[in-house]
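Work through the exercises below with the sequence and coordinates open. Each task is followed by a solution in steps.

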Amino acid sequence: MKPRHLEKTDSGYKVYLYVFYICGFIMLSSLVFGVYVTMIEWMENGTYVMGEAIHNTTIPFENFARVSTWIFFSTIIGWYCVSRIGWRRTAGNKIVGIKMALLQLMLLGFSIITLYEVIYNFTVLNAQMTAGIIDGMVPDIDRLSVAYPDPDRPWNLVFATKVFLAAFIISAHAFYLSIKPRKSLDISEAE
């Protein structure tokens, strides 16, 4: 009988590993680009809108995919790859008792907080679009921001929604993995 969990000897293991490396490269290069552009904006203007430069830059060519979309995609796919190739580190009885209970509560808390942030940012984005349309002009949706929590450093609403949605998906999936029946190391090695 073939093992039902991904092993290092499986051909799919390397696929997940390489895809994870590609996702890591996308996330790291996006981070470096975002920090660089934000620092330039801060030095020139004394202020910045968090995520606006990342959201309004398209790669690899105009009107294709925004950097924020690449970040959204790579974090979710990268997390899935990690959960597939790293299952042995948490399988069986490696995380039990108080540690598992605390981990589950932390993941549930992250899931609740990020879900709230997704709903909040999406609601504010929708309200700003509606207010702009009522005033007679359609706003540039990609430039809408909210001056929260710091008025000097507002967040781009589309960027914030994407980031918190990715965080919600990852934390909810991690919570799901933590409460489902644990994978046994012995069964997969014996098969």
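**Exercise 1: T161**

Leaving aside neighbours within four places in sequence, T161 is in contact with V118, N121 and F122. The model is a predicted one.

Task: Find the element that holds T161, and decide whether T161 is buried or exposed.

Solution. 
- Step 1. T161 is found in helix α5.
- Step 2. The relative accessible area of T161 is 13%.
- Step 3. Buried means under 20%, so T161 is buried.

**Exercise 2: Chain overview**

Task: State how many helices and strands the protein chain has, and in which order the elements run.

Solution. 
- Step 1. The protein chain has 6 helices and 4 strands.
- Step 2. Read from the N terminus, the order is α-α-β-β-α-α-β-β-α-α.
- Step 3. Of the 191 residues in the protein chain, 30% are buried.
- Step 4. The protein chain exposes about 12,300 Å², and 69% of this area comes from carbon and sulfur atoms.
- Step 5. Take the contacts between residues at least 6 apart in sequence: 69% of them join residues at least 24 apart.

**Exercise 3: Helices α3 and α5**

Task: Describe how the axes of α3 and α5 are placed, and which residues make the contact.

Solution. 
- Step 1. Two packed helices are described by the angle between their axes and the distance between the axes.
- Step 2. The axes of α3, residues 67-85, and α5 come within 9 Å and cross at roughly 10°.
- Step 3. Angles under 35 degrees count as roughly parallel, and α3 and α5 are therefore roughly parallel to each other.
- Step 4. On the α3 side, the contact is made by S68, T69, F72, T75, I76, W79 and S83. On the α5 side, the residues are F159, K162, L165, A166, I169, I170, H173, A174 and L177.
- Step 5. Sorted by class, the contact of α3 with α5 has 10 nonpolar, 5 polar and 1 charged residues.

**Exercise 4: The largest nonpolar core**

Task: List which residues form the largest nonpolar core, and which elements give two or more residues to this core.

Solution. 
- Step 1. The largest nonpolar core has 6 residues, namely V124, L125, L144, V146, L157 and V158.
- Step 2. Two or more residues of this core come from each of α4 (97-134) and α5 (157-179).
- Step 3. For the core member V158, the contacts beyond four places in sequence are H55, L125 and I141.
- Step 4. As background, nonpolar side chains in soluble globular proteins tend to be buried together.

**Exercise 5: Q128**

Task: Locate Q128, and find which residues Q128 is in contact with beyond four places in sequence.

Solution. 
- Step 1. Q128 lies in helix α4.
- Step 2. With a relative accessible area of 26%, Q128 is partly exposed.
- Step 3. Beyond four places in sequence, Q128 is in contact with P139, L144, S145 and L157.
- Step 4. The C-alpha atoms of Q128 and I141 are separated by 8.7 Å, and the two residues are 13 apart along the chain.

Methods. Residues numbered from 1 in each chain as written. Predicted model: local features only at pLDDT ≥ 70, side-chain atom pairs only at ≥ 80, totals over all residues. Heavy atoms only, no water. Core = buried A, V, L, I, M, F, W, Y, C linked by side-chain atoms within 4.5 Å. Buried < 20%, exposed > 50% of the residue type's maximum accessible area, 1.4 Å probe, protein only. Contact = heavy atoms within 4.5 Å. Axes fitted to C-alpha atoms, helices over the stretch in contact; angles between N-to-C directions. Parallel < 35°, antiparallel > 145°, perpendicular 65-115°, else oblique. Nonpolar A, V, L, I, M, F, W, Y, C, P; charged D, E, K, R; others polar. Areas by Shrake-Rupley, 256 points an atom, 1.4 Å probe, with all protein chains shown as cover.
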